[in-house]
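These notes are meant for someone opening this structure for the first time.

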Amino acid sequence: MQTISNQKSDLSKTDTSAPESHADQLLQLESWLPYRLFRISARVADVLNAYYGPKFGFSRSAWRTMAIIANRPGASAKEICQAGGLDQFSVSRAVKQLVELGFARRQAGRSDRRYAAIELSESGWSAFTEISDVAKRLDADLTGAVSEKELAALDSILTRLDNASAGILARGWRGAMDAPVDPADATAKRDGR
């Protein structure tokens, strides 16, 4: 027993802070681009959710599913998963919620009963239109923080980042480990040198 107790006290004395020589190599979450993009997205999503959640009674996944269906009427659950970055379980629950609340209809395919085309109902279109108005106002508030020129540059940058993230997803984390990144090379590439 005493050995375990001594080990515990020795562990509590261990310095868990990063060595100063490695501090510059550690991931700084606040400056990590995916986290910065996530924070912006999450804040706006929280505000929008505070509107549609209480008013219409559905979840974020249901809202994202609704928005995808509105832009792709007759989409299947698999297509919704791909378009929305949602897993099959989340889409299944979201579709079920939208159908139960009367915002969507599910129609089985004629040739394959497992395939279901999902469409918004009349009340679904009404809710989508109302939520879209709020979403557009939030978007205008957000994009109003930058100039037209900056917004055009941002659009181009986001398109390139979207494509790069698709490549990262295709390669997976092992692919990221195969090609070591030299921070100096990344900075030079970013700065156009």
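This is a predicted model: local features need pLDDT of at least 70, side-chain atom pairs count only at pLDDT 80 or more; totals for chains, interfaces and linings use all residues.

1. Helix α4 spans residues 77-84, and its buried residues are Ile 80, Cys 81 and Gly 84. Here, buried means under 20% relative accessible area, exposed means over 50%, and partly exposed is in between, with a 1.4 Å probe and protein chains only. Helices (H or I, at least four residues) and strands (E, at least two) are DSSP runs, numbered from the N terminus.

2. Residues are numbered from 1 along each chain as its sequence is written, and side-chain values use heavy atoms, with hydrogens and water left out.

3. The other face of α4, turned away from the buried side, carries the exposed residues Lys 78 and Gln 82. The cover over the buried residues of α4 includes α3 (60-71), α5 (88-100) and β2 (116-120). After α4 comes Gly 85, with a positive phi near 65°.

4. Glu 79 also sits in α4. Its relative accessibility is 35%, so Glu 79 counts as partly exposed. Apart from neighbours within four places in sequence, Glu 79 is in contact with Arg 72, Gly 74 and Tyr 115, where contact means heavy atoms within 4.5 Å. Between the C-alpha atoms of Glu 79 and Val 91, 12 residues apart along the chain, the separation is 9.9 Å.

5. How do α3 and α4 meet? Two packed helices are described by the angle between their axes and the distance between the axes. For α3 and α4, the axes come within 10 Å and cross at roughly 105°. The axes are lines fitted to C-alpha atoms, for helices over the stretch in contact, and angles run from 0 to 180 degrees between N-to-C directions. The two helices are therefore roughly perpendicular to each other, a label for angles of 65 to 115 degrees; under 35 counts as roughly parallel, over 145 as roughly antiparallel and the rest as oblique. On the α3 side the contact is made by Arg 64, Thr 65, Ile 68 and Ile 69, and on the α4 side by Ile 80, Ala 83 and Gly 84. By class, these are four nonpolar, two polar and one charged. Ala, Val, Leu, Ile, Met, Phe, Trp, Tyr, Cys and Pro count as nonpolar, Asp, Glu, Lys and Arg as charged, and the others, Gly among them, as polar.

6. The axes of α3 and α5 come within 8 Å and cross at roughly 80°, so α3 and α5 are roughly perpendicular to each other. Ser 61, Ala 62, Thr 65, Met 66 and Ile 69 of α3 meet Ser 90, Ala 94, Val 95, Gln 97 and Leu 98 of α5. This contact has six nonpolar, four polar and no charged residues.

7. Across the protein chain there are eight helices and two strands, in the order α-α-α-α-α-β-β-α-α-α along the sequence. Of its 193 residues, 22% count as buried. Among contacts with a separation of 6 or more, 51% come from residues 24 or more positions apart.
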